[in-house]
Amino acid sequence: MKKKLVISFPPRLIQEPVTYHLIRDYNLQVNILRATVRPRERGRMVVELMGDKKDLDRAFEYMEDVGLQADPLVQEMRYYPERCVHCTACTAVCPTEALTVDPQSRELIFEASHCIICESCIAACPYSAIESQF
Amino acid sequence: MTRTIEEINAKIKAGKVVVYTAEEVIGLVREKGVSQAAREVDVVTTGTFGPMCSSGAYFNIKQSTPKIKCGGGRVTFNGVPVYAGWAAADLYLGCSALPDEDPRNAVYPGLFKYGGAHIIEDLLSGRKVKLVAQAYGTDCYPRKEYTTELGLEDFNNAVLFNPRNGYQLYNVAVNLSERTIYTYMGVLRPRLGNANYSTAGALSPLLKDPELRTVGLGSRVFLGGAEGYVVWPGTQHVPSPPRAENGLPLTPSATLALIGDLKQMSPRFLRAASFTGYGATLAVGLGLPIPVLDEQVMAQAAISDEEITYPIIDYSEAYPLARPGDLGRVSMAELMSGQIEVSGKKVPTGCLASRARAREVALELKQRIKDGRFHLTQPVAPLPGAELA
């Protein structure tokens with residue numbers, strides 16, 4: 001089973017070796033897609049976790065117990081279709097094909113499940129049609 | 001087969017005109033051949049929608065009491081400086097103008113979230129802008145300071161006047177350097193990380209009449225959602241570019257100076273854009289009707305995405321330092337596939353002009369012609385280097 005999520009650390013938990021525990025204690029494969037951790041600020045990490053459902057459930061319990069927030073990766077990048085003119089400049093810098101062009105309509109397609117919140121598209125979009133909540 | 005503008009306008013009036021878009025006509029010519037297609041179709045509509053920095057608008061404001069002479073003074077709209085080197089109440093706003101307090105690229109790369117283009121979009125969207133004028137005062141115009149809020153309807157005149165639009169053919173931009181660069185062709189990743197293009201390809205106005213046989217001074221066009229006119233060749237217009245056999249120029253060449261009533265335009269077809277690290281600009285929706293005056297017009301109007309090719313230019317060195325460099329050419333069809341090959345490397349492509357919105361422009365112009373709401377004009381004079389059909 002595979003799950004993509006955003007783990008948020010309150011400042012007091014920056015020292016907690018979360019990834020270590022997830023791998024060693026819960027037997028999970030952890031793929032860190034993106035992370036920002038700064039002293040005295042909330043840290044955030046976009047990860048893909050892979051393992052048995054039982055282990056994943058236990059890992060979620062562990063994260064809740066220590067006070068980590070684990071959110072599904074859905075609302076992190078927001079696409080505003082009404083601002084988009086479908087120029088498709090963003091598609092050239094998107095590394096995961098979360099942003100692609102429909103070959104017939106030539107309109108932009110945003111597939112949120114492919115997004116790893118790298119934010120490359122933000123600087124590429126002249127119309128502020130994509131914003132990050134990360 | 002020949003046809004005149006008068007004959008086409010008579011058919012428009014009678015509701016019998018046959019109009020195809022520049023995309024639709026490609027299939028028709030493949031199916032029936034140039035001669036038959038030329039006999040059947042009266043007008044081919046083109047369209048493009050992309051950033052065109054040489055755009056702006058002039059305004060005439062209603063006088064305050066006592067009167068003020070803006071000419072020679074200093075005027076801003078929402079903090080964006082407006083050119084006031086004219087008479088008492090005439091002002092010109094360039095789409096790339098920025099507020100004085102914008103840090104520009106001092107904080108690199110700059111974001112340019114608000115500039116002249118955004119004022120134009122605000123006005124078109126029904127929002128008011130704050131005018132602040134400072135003048136030196138004269139006996140006939142004694143007022144020295146004036147602040148007011150104005151909506152589009154409050155101006156005596158608001159006219160879009162773009163010195164250079166509709167570039168015929170444009171570069172494909174790449175970056176050969178080791179760092180990301182921020183250009184008017186968008187964000188270019190290092191070591192050929194991406195290739196950006198800005199063209200409507202087979203819908204592009206001047207590419208479908210490559211030798212400018214049907215467009216000239218006085219041509220009526222679709223501009224920003226309203227009617228506009230070609231008033232002059234655009235700045236940097238190249239009269240005699242090197243051409244391929246099908247008449248297409250090989251390098252950026254013809255351009256148009258355009259004018260139209262801003263009050264009639266729509267934010268759907270005029271959009272403010274902010275290019276990271278480069279500046280503010282205006283995306284302009286432009287469409288030209290091509291009257292099918294003879295078979296050659298039809299043959300060229302049916303040029304396809306496979307036949308249009310663009311030069312690939314390095315924007316890290318070759319472009320800024322005006323150095324020669326040959327990275328080859330690539331067709332619109334290849335660009336639209338999402339990936340091209342440059343120097344043996346597969347490079348993802350991104351576009352700055354919207355093909356989807358360009359199609360909307362061409363379809364909208366087609367509908368207006370069919371409904372009798374848009375008539376064609378005979379150009380008063382050809383563009384430099386061109387001969388009218």
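Residues are numbered from 1 along each chain as its sequence is written, and chains are lettered from A in the order in which they are written. Because the model is predicted, local features need pLDDT of at least 70 and side-chain atom pairs count only at pLDDT 80 or more, whereas totals for chains, interfaces and linings use all residues.

**Stop 1: A:A59.** Select A:A59, which lies in helix α2 (residues 53-66) of chain A; helices (H or I, at least four residues) and strands (E, at least two) are DSSP runs numbered from the N terminus. A:A59 is buried, as 23 other C-beta atoms are found within 10 Å. A residue is termed buried if 20 or more other C-beta atoms lie within 10 Å of its own, exposed if 12 or fewer, and partly exposed in between, with C-beta atoms placed from the backbone. Beyond its neighbours within four places in sequence, A:A59 is in contact with A:L22, A:Y26, A:L28 and A:L49; contact requires that the C-beta atoms of two residues, placed from the backbone, lie within 7 Å.

**Stop 2: the interface.** Next, display both chains: 17 residues of chain A are in contact with 24 residues of chain B. On the chain B side, the elements giving two or more residues are β3 (48-51), β13 (186-188), β19 (270-275), β25 (345-351) and α7 (355-370).

**Stop 3: the cores.** A nonpolar core is a set of buried Ala, Val, Leu, Ile, Met, Phe, Trp, Tyr and Cys residues joined through C-beta atoms within 7 Å. The largest nonpolar core has 138 residues, and B:V25, B:I120 and B:L282 have the most contacts inside it. A second, separate core of 14 residues includes A:V6, A:I7, A:V46 and A:L49. Centre the view on B:L282; its contacts, not counting residues up to four places away in sequence, include B:P51, B:C95, B:I120 and B:A272.

**Stop 4: strand β8 of chain B.** Select residues 129-134 of chain B, strand β8, where B:V129, B:L131 and B:A133 form the covered face and B:K130, B:V132 and B:Q134 the uncovered one. Two strands pair if DSSP finds at least two bridges between them. Strand β5 (residues 74-77) of chain B runs antiparallel to β8(B), joined by 4 bridges, and B:R74 stands opposite B:Q134. Strand β9 (residues 145-150) of chain B is also antiparallel to β8(B), joined by 6 bridges; here B:V132 stands opposite B:T147.
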